[in-house]
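Hi everyone, thanks for having me.

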Amino acid sequence: MKKPLANCDDPNVGAGRIFSTKINLENAIKAVQKHIGLDVHVAMGVEHSPATNIERVAVCAGSGASLLRGVEADLYITGEMSHHDVLDANHQNISVILCNHSNSERGFLKTFKPKLVDMLNGQCEVIVSESDEDPIKTHVNNEKC
């Protein structure tokens with residue numbers, strides 16, 4: 001069951017979601033990577049390993065630390081968190097998957113496009129860029145920019 005991270009009974013309202021699942025951490029990481037088509041950063045809870053069973057997940061696109069702070073979960077998935085927020089989560093035995101800020105929001109554009117077209121009564125053409133990508137790149141040693 002998904003629930004919003006907000007004071008609202010509507011599960012479709014709010015900046016984030018909490019849901020129940022049965023998956024181990026390694027498979028959760030792989031699922032997120034497959035979903036966004038990119039590598040992710042992972043920080044494991046102090047008692048977690050790749051085989052740790054994950055039963056409760058809290059998700060927030062963008063910079064989710066302030067919204068996720070204090071939420072009881074086995075795993076946080078967000079775009080970015082400060083170093084100290086990640087450490088705090090890990091010391092509470094919560095693993096963290098970071099997708100990079102814009103990568104965690106980008107997938108919503110294709111879902112939002114038809115809603116925006118509808119909201120604008122078809123009066124505007126809505127185009128989602130096919131070439132947009134995260135401006136932050138990982139530089140590998142000895143690789144040309």
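Let's begin with S102, which sits in helix α4; helices here are DSSP runs of H or I with at least four residues, strands are runs of E with at least two, and both are numbered from the N terminus. This is a predicted model, so local features need a pLDDT of at least 70 and side-chain atom pairs count only at pLDDT 80 or more, while totals for chains, interfaces and linings use all residues. Residues are numbered from 1 along each chain as its sequence is written, and side-chain values use heavy atoms, with hydrogens and water left out.

So, is S102 buried or exposed? S102 counts as buried because its relative accessible area is 18%, and the labels go like this: under 20% is buried, over 50% is exposed, and in between is partly exposed, using a 1.4 Å probe and protein chains only. What does S102 touch, if we leave aside its neighbours within four places in sequence? D134 and P135, where contact means heavy atoms within 4.5 Å. With D134 there's also a polar contact between the side chains, at 3.5 Å. That term means a pair of N or O atoms within 3.5 Å; within protein, one must be able to donate a hydrogen and the other to accept it, and residues adjacent in sequence count only if both atoms are side-chain atoms.

Now over to I136, in the segment after α5. I136 counts as exposed because its relative accessibility is 60%. I136 and N100 are 36 residues apart in sequence, but their C-alphas are 8.4 Å apart in space.

Okay, zooming out. The chain has 5 helices and 6 strands, in the order β-β-α-β-β-α-β-α-β-α-α. Of its 145 residues, 30% are buried.

Next, the inside. A nonpolar core is a set of buried Ala, Val, Leu, Ile, Met, Phe, Trp, Tyr and Cys residues joined through side-chain atoms within 4.5 Å. The largest one has 15 residues, and A58, Y76, M81, V86 and V96 touch the most other members. Two or more residues of this core come from each of β4, α2, α3 and β6. Apart from it there's another core of 11 residues, including I54, L75, I77 and C99. Beyond four places in sequence, the contacts of A58 include R17, L68 and Y76.

Last topic: empty space. Rolling a probe the size of a water molecule over the atoms shows where such space is left. On a 1 Å grid over the protein atoms alone, a cavity is a set of points where a 1.4 Å probe fits but cannot get out, and a pocket is an open set with protein on both sides within 12 Å along at least five of seven lines; lining residues have an atom within 4 Å of a point. Points are joined across faces, edges and corners, and a volume is the space filled by probe spheres set on them.

The largest pocket holds about 1,700 Å³. It's lined by 45 residues, and the closest to its centre are H35, I36, N103, S104 and G107. There's also 1 cavity of 30 Å³ or more, and the largest cavity holds about 60 Å³. Among the residues lining that cavity are A65, Y76, M81 and D88, and α3 gives the most to the lining, with 3 residues.
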